[in-house]
Amino acid sequence: MSSLGTKLLLLLGAAAVLFLFVMPVFKLASLSVRSEAGFTLSHYNELFQSPRFWSSLWNTAIVVAGSTVLSLLLGFAAAWLMAYTDLKHKRMLHMALLLCFILPSYVLTLSWSSFMGPQGLLAGMLHLVVPGASPWSMYNYGGIIFVMGIHHFPLVYLFTLNVLKKIPRDLEWAARAGGAGKFNTFRKVTVPLALPGLTAGGLLVFLASLDNFGIPAFLGTPANITVLSTLIYEEIIGFGPSAFARGAALSVLLGLAAVTGTLVQWLLLRKSSISDTVLLDHGPRYWLGAGRKWVSAGMWAFLLIVTAVPLLAMVSLSFKKAYGLGLQFSNLTLDNYKFILLGNGKVWKAIQNSFMLALVTLVVCLIAGSIFAYIRVRKPSLLMKAAEIAISIPYTLPGIVFALSMILVWMEPVTGWNPGIYGTVYILFIAYICRFLILQIRAGITAFMQIDPSMEEAARAAGAGTWRKWRAVLLPLLLPGLLSGAVLVFLMSLTELTVSALLYSSGTQTIGVTVFSYEQAGSTLYSTALSSLIVFMILAGGGLLVWLQGRVQRRGDRA
């Protein structure tokens, strides 16, 4: 390609990045300080004088702090056991630990509210011991913190696991040789050296908790507990002459908190990057001995209690003829699933919408993200780094904030011009692609960095053209990594709620929005039935990914 053509492509790419990823944030910030008279801070003054804003801010602080502490405790405990002990079946345990985060937050919330409800499985077990006893209600601060904590603790686990494996054994042996016991060695050596992973994971949990809309919407709204994400949603759907401006001001404050947390996390990860060259130590450092089977059994029991048992309660509730009936064969029916799949055209349309959105998002992100990742790795430049930062903005911002910025951009991208995208399914396509593209890019960058450039040079020297080089050399090696990113993009798009809650319109409802609508209307049997189908689709998608990766690996081994 000529130099002029390359410059033109770069110019078009830069313009697309600015328009799709930067302009929405600029529009949001400008609306928050604009009125008919011009520049104003009245929207912020109005917020700061509102008791509801301060109560929502306080509620957000309680929920975020509580869930972050719980996630840190659970995540660090799981990482230490997996990194340092000789637990059985670690590979299966690793997958089971991730399930808490893979499940959509609103599905996990519904499963726990079904399990802990007055007619749930726990209530039935309690009644056998103490007739008339009631389980702990999930519709309070404790319920929100608990579900959010168990949903996000795998993030702390993932960040801490490899950090623990990189801690040199010599340092711990030296501490033990110096007279420090196991506990003091853990407190003075292991924990301080694991702090980069713990801090990075904790900050990511902080950001995820700020972003989360489903859990506080499902458990907080009935108890009149409003956090910033749900307050923004209520402001926007409430309309009014300054609803968007107040929502924009709230979004800027929430976005600033998220961006600050992201910058702190990035700085901490950058400081800890010197350990990237240290080899992972996969061997156990503590042998559990006779207690090995009991610790393994306890960990499996914990994972079953926080995921499988509540999911079973949700699925059993979805088969009941009416809410409140006992779990007896005579009270079970398939009518809820018949209604979901056959009896309600809107539900089937929502399923079709979600699959179509997820499939198109997967294809676009897989192609665009892989191309971007290839250029980013093979031809690094300041421009590509800046573009990557810009592309990460939609995912860094809380979903509800990004959704509002999309509304502001696509209602009138240029003064006096309305392209007719807002209120249609196309705005969901654009929003999903912009929000999840960075996930595919990060997966692509990781995959390309594992392939030595000399392999491409060897292919070119052997006379392979561009297409043959990709088909015969690069794709077989890249597929496992690229597929991991693609499946993650597909599942997150399929089950997305936060962005869709503000952007959907009549006829463009998604699965997440439909579940939310049913739960808000009190149709719990329908919401649990649809959520059970989501769980089945996630498990099927995970199984398909494992099968595809195994097949690609076997083909690579034969080659």
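Buried means under 20% relative accessible area, exposed means over 50%, and partly exposed lies in between (1.4 Å probe, protein chains only). This is a predicted model, in which local features need pLDDT of at least 70 and side-chain atom pairs count only at pLDDT 80 or more, while totals for chains, interfaces and linings use all residues. Residues are numbered from 1 along each chain as its sequence is written, and side-chain values use heavy atoms, with hydrogens and water left out.

**Figure 1. The whole chain and its confidence.** The secondary structure comes to 23 helices and two strands; helices (H or I, at least four residues) and strands (E, at least two) are DSSP runs, numbered from the N terminus. Of the 559 residues in the chain, 47% are buried. Among contacts with a separation of 6 or more, 78% join residues 24 or more positions apart, where contact means heavy atoms within 4.5 Å. The mean pLDDT of the chain is 83, and 88% of the residues score at least 70; pLDDT is the predictor's confidence in each residue, from 0 to 100. Where pLDDT is low, the predicted coordinates should not be read in detail.

**Figure 2. Packing of helices α15 and α22.** Helix α15 (residues 345-378) packs against helix α22 (residues 511-520) at an angle of about 145 degrees, and the axes are 8 Å apart. Axes are lines fitted to C-alpha atoms, for helices over the stretch in contact, and angles run from 0 to 180 degrees between N-to-C directions. From α15 the contact uses Val 347, Ala 350, Ile 351 and Ser 354; from α22 it uses Ile 511, Thr 514 and Tyr 518. By class, this contact has five nonpolar, two polar and no charged residues. Ala, Val, Leu, Ile, Met, Phe, Trp, Tyr, Cys and Pro count as nonpolar, Asp, Glu, Lys and Arg as charged, and the others, Gly among them, as polar.

Figure 3. Gln 352 lies in α15 and is partly exposed, because its relative accessibility is 42%. The C-alpha atoms of Gln 352 and Thr 510 are 8.2 Å apart, although the two residues are 158 residues apart in sequence. Ser 370 also lies in α15, but counts as buried at 9% relative accessibility. The side chain of Ser 370 reaches the backbone oxygen of Leu 366 at 2.5 Å. Not counting residues up to four places away in sequence, Ser 370 touches Cys 365, Gln 440, Phe 448 and Leu 482.

**Figure 4. Cysteines of the chain.** The structure holds zero disulfides, a disulfide being a pair of cysteine sulfur atoms within 2.5 Å. The closest cysteine sulfur to that of Cys 434 is in Cys 365, and at 8.8 Å it is too far for a bond. Cys 434 counts as buried because its relative accessibility is 2%. Cys 100 is buried as well, at 0% relative accessibility.

Figure 5. His 89 is not a glycine, yet has a positive phi of about 55 degrees. His 89 is found in the loop between α3 and α4 (90-102) and is exposed, with a relative accessible area of 53%. Asn 224, another residue other than glycine, has a positive phi near 60 degrees. Asn 224 lies in the loop between α10 (214-220) and α11 (228-237) and counts as exposed at 65% relative accessibility.

Methods. A polar contact is a pair of N or O atoms within 3.5 Å; within protein, one must be able to donate a hydrogen and the other to accept it, and residues adjacent in sequence count only if both atoms are side-chain atoms.
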